[in-house]
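I opened this notebook to record what I looked up, entry by entry.

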Amino acid sequence: MGVELAHNGECHEMEDVNFSDSELVYHVRDALISVQTGDSDSYHQLVGVMHHSERLAPDEVALLVTSLKALSGAVSYIDNVHHDSLLNSIFGMSLWKYGPDVMDALLELIIALAASNGKYVDSCLDMLVSNFMPPMYLVNTLKQPRGLAKKEQVLSRVHTALEGIVDLIPMAASRLSSVVVHRMPTTFKKDLQKDHLMYRTEVYVENILRLESGAIREFVGSRMLMAVVDMLIELDVAIGWDDILQDDSCKGIFAIELEDADEVAADDDNDENDYAELPRTLNRKSLGKNIVADLLDSLMVQTFEHLESCARNKRLGEVFETLLDSFMLTILNTYKSKFAQFVMFYACALDPEKCGVKFANTLVDRFVCSDNAVTRMSAVAYLASYLARAKFLSAAFVASTLKRLVDWCLEYCETQNGEMNPKAHRVFYSGCQAIMYVLCFRMRSLMDVPRLKSQLLVMPLGPVLKHKLDPLKVCLPSIVEEFLKQAKAAYLLTTSETFIFEDLLESDFSRDFGGLERLDMFFPFDPCLLKKCDRGYIRPNFVYWKHVRTTYGSDEEDSSDEDITEDFVVVNGESFMEEEGAGSLDEQHLDLDEFDYAMNKMSITPKNGFTYRFGGEQMQMPSRIRPSTTPESL
């Protein structure tokens, strides 16, 4: 072969020699062996073939291809001590620089090296994974049709090579997972070439998800998915609260979410008030041109699309198990995660009956059974926000989940004789707040279904909320106020005390039970501020406060705001307003045991008015203790 080989800065002509494939292998083998005898000229010429900084001429491409193929046949003679420079040259080669012929020959050599000696496996895998991200200078080209073809040429070969190595060396799968995680981009700067940085990171995540769904997913899939979630969390944490928070410390959470955000809409590419419902305390406009937020938004969209693909291929259940494990290990205990948790939300939206239900049940189990107070409070905060916001959850499931929370809180009350203490009973208060928060969003939908209304009416909310631990005074005033307002309108619960909240967002008591983590104010599924993933994926499955039908409102117009101060009487866990001048149950000459039993069997219909059944007979409720309403008003 007639070629020019660079050696010690000079070019030397080699006479034309035609080698057969086997002769070429022997020639390369001799060059490798000669190093140990002190004759290294042929070896250095071989190394020089691997070093090209400029575009290759056709004869140089041919030499490189034949040299790589010859090395593949002589890998047993390669030694990491004597041939370190050659190995460094091979492992430093970028597939993105070459055409298909060179790529195929190089990958053949990489696979042969990995199979020949276990000490080269990590280096081979690292070389392949390094090609997950294109060089910076190619980024603009790769966004064009011609560039997309190049991208597929490279990445399809990389994944085929990885699959080949794992097939030959099964233990390489665990090493591959470690290499992928180690090479993940971790520095997200706000300075030069941010578009290039974002694109390369997106391509890297694309490759991780390709591994998760590819031929070797059985070996690496779960770790790849966890790696993506870890990256989302890292980006999430990198967005400081100062980037998105504004001072609204004197306004309740429901009032905040309803505030007009015209200044956001005006800056939102003519989206016509799409974000008017967003709370100003978490304002998308304040994210500005935050590169980290933009990157997180794009990566979450990639993840959502991957989940959709899994759902189409009947793999969502398998993937969801990994997501749930990752959530419980990382996101649940990440201090006030802002956006990453919406991956779980969307996965549940894709399969509400299985994934959606399992997520909620797992959160309840963690709240009820965990030993760590902060973990329990975080779990119930996630649960409350999820039940309130997930449009895809049935009212029946919400009711059954609420019952589990109420039952736990009642059992807790029955074991306590002390007085109100926000710090000592913070898990209990977080449970009570979760119940009230969910009912603020869901009470009307539950009361509109007779069967669910009956279930709600028999829940022992009165004994829990009126216990001497006094959760109504400890939980966030804005939640308590809205809950009591709706509970009064629904004849679910009223209170004999007057609460003067003055539209406070928080209280000293709630701050105490929330602790340093401020879990009293943590509503993880508040409206998502990331534009692309919200608009295309979250919003169709999401309940905004502005769309909630309250029990005190009607389809035509809301009823006027009234005081939440009323006298009440609690009967077997139920609360009814007591008419002025009404006597006690003893004064009504009604047996209390019989009345308790009757109340449990009470039926309320427009046809028969307020009645209860006892001993197989239908009986009229005594007028003095009858709820001060009419059947029609229900």
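**Entry 1: a helix and its length**

I checked helix α11 (residues 217-238): at 1.5 Å a residue its 22 residues should span 32 Å, and the end C-alpha atoms are 30 Å apart, which agrees. The expected span is 1.5 Å times one less than the number of residues. Helices are DSSP runs (H or I, at least four residues), and strands are runs of E of at least two, both numbered from the N terminus.

I noted that this is a predicted model, in which local features need pLDDT of at least 70 and side-chain atom pairs count only at pLDDT 80 or more, while totals for chains, interfaces and linings use all residues. Residues are numbered from 1 along each chain as its sequence is written, and side-chain values use heavy atoms, with hydrogens and water left out.

I then looked up the buried residues of α11, where buried means under 20% relative accessible area, exposed over 50% and partly exposed in between (1.4 Å probe, protein chains only). Among them are Val-220, Met-224, Leu-225, Val-228, Leu-232, Leu-235 and Asp-236. An α-helix has 3.6 residues a turn, so residues three or four places apart point the same way.

**Entry 2: aromatic rings**

I looked up the total and found 24 aromatic pairs in the structure. Rings of Phe, Tyr and Trp (its six-membered ring) pair if their centres lie within 6.5 Å; planes under 30 degrees apart count as stacked, over 60 as edge-to-face and the rest as tilted.

Why is the pair of Phe-304 and Tyr-537 tilted? The planes of the two rings stand at 50°, with centres 5.3 Å apart, so the pair is tilted. Phe-304 belongs to helix α14 (residues 291-312) and Tyr-537 to helix α26 (residues 531-538), so that the pair links distant parts of the chain, 233 residues apart. Phe-304 counts as buried at 0% relative accessibility, and Tyr-537 counts as buried at 13%.

I also recorded one aromatic cluster, whose members include Phe-327, Phe-342, Tyr-382, Phe-525 and Tyr-544.

**Entry 3: charges over rings**

A charge sits over a ring if NZ of Lys or CZ of Arg is within 6 Å of the ring centre and within 35 degrees of the ring normal. Arg-376 lies over the face of Phe-367, 5.8 Å from the ring centre. Lys-485 lies over the face of Tyr-552, at 4.2 Å from the ring centre.

**Entry 4: salt bridges**

I found 17 salt bridges in the structure, each being a side-chain nitrogen of Lys or Arg within 4 Å of a carboxyl oxygen of Asp or Glu.

Glu-206 pairs with Lys-151, their closest N and O atoms being 2.8 Å apart. Glu-206 is in helix α10 (residues 194-213) and Lys-151 in helix α8 (residues 145-168), 55 residues apart. Glu-206 is partly exposed at 28%, whereas Lys-151 is buried at 13%.

Arg-210 and Glu-152 also meet in a salt bridge, at 3.1 Å from N to O. Arg-210 lies in α10 and Glu-152 in α8, so this pair ties together parts 58 residues apart in sequence.

Lys-338 forms a salt bridge with Asp-236, with 3.3 Å between the closest N and O atoms. Lys-338 is in the loop between α15 (316-329) and α16 (342-350), and Asp-236 is in helix α11, 102 residues apart. Is Asp-236 buried or exposed? Asp-236 is buried, with a relative accessible area of 1%, and Lys-338 is buried at 10%.
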